Amino acid sequence: MVIGMLGFQTTVSRPVTLSGTGVHSGAEVTITFNPAEVDTGVVFHRMHDDGSVTELRAVSAQVGSTDLCTVLGFSPAHSVATVEHVMAALYALGLDNVVIEVHGAEMPIMDGSSAPFIEAIEQVGLVSLGVKRRYIRITKPVRIEHGGSWSEFRPYDGTRFEVEIDFECPLIGHQKWEGNLTAATFKSELSRARTFGFMRDVERLWASGHALGSSLENSVVISDDNTVINVEGLRYAKDEFVRHKALDAVGDLALAGAPFIGCYRSYRGGHKMNANALKALLSDPTAYEVVETSAARPRVTPRDFVAVNAPGFAPWSA
C-alpha cells in the first residue's frame, strides 16, 4: 500500500490570506498562512488589539474545550477556536510547518467545510524543506469508550479512517465512511462536506453565545420535519453528514503533532472522543513508535519506514 504523503517536511511557498465569519462569534476573522522553518509544526498566532500575540501550538496538550468545536488554549482571551477544518486541510495536503496569523478568536467558517482552505493552500503551493518528516506508527490497539460511543487506533499499513454515526433523525440514521487518507481522497470525498445542525437547537445555542455566525451559507440545516432546509440540498447524496464527521476526525487527529500510520475507527464519536482517544494513544509509549522513511521520496510504502531513536520527539506535549 502506498502512503500518499511526501517524505520531506513542507511549508507554504508564500503567505496566503483568507477572511470570513466566525461560526460561533459571528465576528469577522482574517487569517494568514505564513511559511515556517523545519520542525516548527503548525503554530497559531492570535493577534490582539494591544499588539500582543498569543502563541498556540497545534498539539494535543493545547486542546481546551471540545464541546462544539476544537479549541486550542484554556481561556477565551488566549485561545483559538474551531481549528478542526483548517487542521484537516493541512494534514491531508501534507503541510507540516506553518504559522497561522489570526485576527479574531476563531477560524473563519467559510462555507462550513475544508475546501476553501485547500484551495487557498494549493493557490500558493507547498515547498519541500529537505528534511525527513517523522510519523507516529501505531503498534498496538488503543481504545476508549463512553456510554454508547467508542474510538480506537489500530495498527495498519497506511493512514485509514473508519467513521460511523447513528442519529435518531431519520434523515441521517446510521452512516459510515471508510477510506485510506490521501490528498486526492480527502479532496474528492471529504473536503466539501459541511458542518450540520438542527433548527430545534438554534435558540439554545444562541442563548449560550454559540452559532451566532451560522447560516445556510456555511451549514447544512435540518428542519423539524427532518428535511434539509438548504435550497441546494446536500453536496454528497445522503451521507454528507458522516463525511463531515470524518473530516472533523482528520482535523482533530492532526493535533498529534505528526502524521500517524494506522487506522482510526470511531462509532458515534465527535471532537471530545477524538481528543480523548488521541491523548490515550500518546500517553502509552508502548502503543506507537516514531518512524521516518529510510530514503525520502515523493510516495512511500510501509517498507520504506524505519524506527528512529527520538526519545525527545514528542511535539504533542509542548
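Helices here are DSSP runs of H or I at least four residues long, numbered from the N terminus. In this predicted model, helix α5 covers residues 240-253 and holds His 244. His 85 lies in another named element, helix α1, made of residues 84-93.

**The annotated site**

The UniProt record, an unreviewed entry, gives the annotation "binding site" to His 85, His 244 and Asp 248. These residues span 164 residues in sequence, but no two of their C-alpha atoms are more than 9.5 Å apart, so they gather at one spot. Of the annotated residues, Asp 248 is included in the lining of the largest cavity.

Buried means under 20% relative accessible area. His 85, at 5% relative accessibility, therefore counts as buried. His 244, at 2% relative accessibility, also counts as buried.

| Residue | Helix | Relative accessibility |
|---|---|---|
| His 85 | α1 (residues 84-93) | 5% |
| His 244 | α5 (residues 240-253) | 2% |

The side chains of His 85 and His 244 are joined by a polar contact of 3.3 Å.

**Surroundings**

Residues up to four places away in sequence are left out of the contacts of His 85. With that exclusion, His 85 touches Ile 109, Gly 112, Ser 113, Ser 114, Phe 117 and Thr 195, as well as His 244, Leu 247 and Asp 248.

Definitions and conventions:
Residues numbered from 1 in each chain as written. Predicted model: local features only at pLDDT ≥ 70, side-chain atom pairs only at ≥ 80, totals over all residues. Heavy atoms only, no water. UniProt positions renumbered as here; feature names shortened; annotations may be inferred. 1 Å grid on protein atoms, 1.4 Å probe; cavity = no way out; pocket = protein on both sides within 12 Å on 5 of 7 lines; lining within 4 Å. Buried < 20%, exposed > 50% of the residue type's maximum accessible area, 1.4 Å probe, protein only. Contact = heavy atoms within 4.5 Å. Polar contact = N/O pair within 3.5 Å; in protein donor to acceptor, adjacent residues only side chain to side chain.
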